[in-house]
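Let's take a guided walk through this structure together. Have the sequence and the 3D view open as you read.

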Amino acid sequence: MHHYIIMGPQGSGKGTQARRLAADLGIVAISMGEILRGHMANNSPIGQRIRHHMETGQLVTDEIVDQVITDRLRQPDVAKGFVLDGFPRTPGQAEFFLTHHRLDAAILLEVSEETLRKRILGRRLCDGCGKDFNVYFRPPKVEDVCDLCGGKLSARTDDTPEGIRQRLSDYRSKTQPVVDMLRQKGLVLTIPAESHPDEVHKQVLRSIGVE
Ligand code: AMP
C-alpha cells in the first residue's frame, strides 16, 4: 500500500505529477481541487457553501475538506493506496490526516515564483474533457479549442492575478508550516520541478526508490 502526498504551490505541477505517479504505481490520484470543483458544478450543498471561497482563490474551511477527504478515502478504489494532490494544506488538515492515515512520504515540488505565475496565468482547461493546456508552454493547435475533443478552453475563475496572489500568500502562511511539520518527521522528499514534466516524474520515482 502506497500513501503519498504531492505538495507545492499552485502551478508547481502537483496534478500532473500526482496522476503520473499514481498511474505508474497502479493506485488512485485524488485531487481535492477537482472534487471541490465537482461539487460546485453539481451545485451540491457543499458546492453552495464553498463557491465564494473557491471563486476568489481562498481556502475552503478545514471542516469541509476533512469531511470530503474522509468520504473519498472510504471508496473501494483506494484499497491499494493513493496519491493526494492539494490535501493537506493547513496544519489542522495535516493533523486530521495523520491521526487517521499512515503516510509514506510527502513529495515537495519546488518551482520559482516567475514560473509559477506563467504556469497559472497561461493555464486553460477543456470544458468538455478536462484536458489542460498552457498558452505559454503547451498551446492548443487552434486558440481556445481543445486538440482532443474540440471543446472550448477556459481559464479557471480563480486563475486571475488577484487569485494567484491570494493563493501564494496562503501557501506561505498556511501550507509552508505543514511542509515544516512533515519535514521534522522526516517525511519530505524535495524535488526541483522547473524542468520538463517527464524529467520531474523520473526524479519523483527515483526519490521513492522506484525506477
Ligand atoms: P487546486 O485545484 O488545488 O488549485 O484547488 C482549487 C481551490 O480549491 C483552492 O484555491 C481552494 O479554494 C480549494 N481547495 C483545494 N484544496 C483545498 C484544501 N486542502 N483546503 C482548503 N481549500 C482547498
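Gln17 is buried, with a relative accessible area of 4%; the model you are looking at is a predicted one. Gln17 belongs to helix α1, which covers residues 14-25.

Which residues is Gln17 in contact with, leaving aside its neighbours within four places in sequence? They are Ile6, Leu109, Pro197, Val200, His201 and Val204. Asp77, on the other hand, sits 60 residues from Gln17 in sequence, and their C-alpha atoms are 19 Å apart in space.

After α8 comes Gly209, with a positive phi near 80°.

## The sheet

Now look for the strands. An open sheet is formed by 5 strands, in the order β2-β3-β1-β4-β8, and the pairing is parallel. At its edges are β2 (28-31) and β8 (188-192), each of which pairs on one side only. On average, neighbouring strands of the sheet are turned by 20° against each other, direction ignored. Helix α2, made of residues 32-42, packs on the sheet and touches β2 and β3; the direction of α2 makes about 60° with that of β2.

What holds strands of a sheet together in general? They pair through backbone hydrogen bonds, either parallel or antiparallel. Here, strand β4 (residues 105-110) pairs with β8 in the parallel sense over 5 bridges. If you find Glu110, its bridge partner in β8 is Pro192.

## Asp85, a buried charge

Strand β3 spans residues 81-85, and Asp85 lies in it. Is Asp85 buried or exposed? Asp85 is buried, yet has no salt bridge.

Leaving aside neighbours within four places in sequence, its contacts are Ile6, Lys14, Gly15, Ala18, Ile30, Ser31 and Met32.

## Arg89, in a loop

Follow the chain onward to Arg89, found in the loop between β3 and α5 (91-100). Arg89 has 21% relative accessibility, so it counts as partly exposed.

With neighbours within four places in sequence left aside, Arg89 is in contact with Gln10, Leu59, Lys174, Thr175 and Val178. Gly57 is 32 residues away from Arg89 along the chain, and the C-alpha atoms of the two are separated by 13 Å.

## Helix α6 and its cover

Our last stop is helix α6 (residues 113-121), where Thr115, Leu116, Arg119 and Ile120 are buried. These residues cover an arc of only 125° around the axis, which puts them on the same side of α6.

What covers the buried residues of α6? The cover includes β5 (123-126), β6 (132-134) and α7 (161-184).

Note on methods:
Residues are numbered from 1 along each chain as its sequence is written. This is a predicted model: local features need pLDDT of at least 70, side-chain atom pairs count only at pLDDT 80 or more; totals for chains, interfaces and linings use all residues. Side-chain values use heavy atoms; hydrogens and water are left out. Helices (H or I, at least four residues) and strands (E, at least two) are DSSP runs, numbered from the N terminus. Buried means under 20% relative accessible area, exposed over 50%, partly exposed in between (1.4 Å probe, protein chains only). Lys and Arg count as positive and Asp and Glu as negative; His and the chain ends are not counted. A salt bridge is a side-chain nitrogen of Lys or Arg within 4 Å of a carboxyl oxygen of Asp or Glu. Contact means heavy atoms within 4.5 Å. Two strands pair if DSSP finds at least two bridges between them. Axes are lines fitted to C-alpha atoms, for helices over the stretch in contact, and angles run from 0 to 180 degrees between N-to-C directions. The arc is that of the directions from the helix axis to the C-beta atoms.
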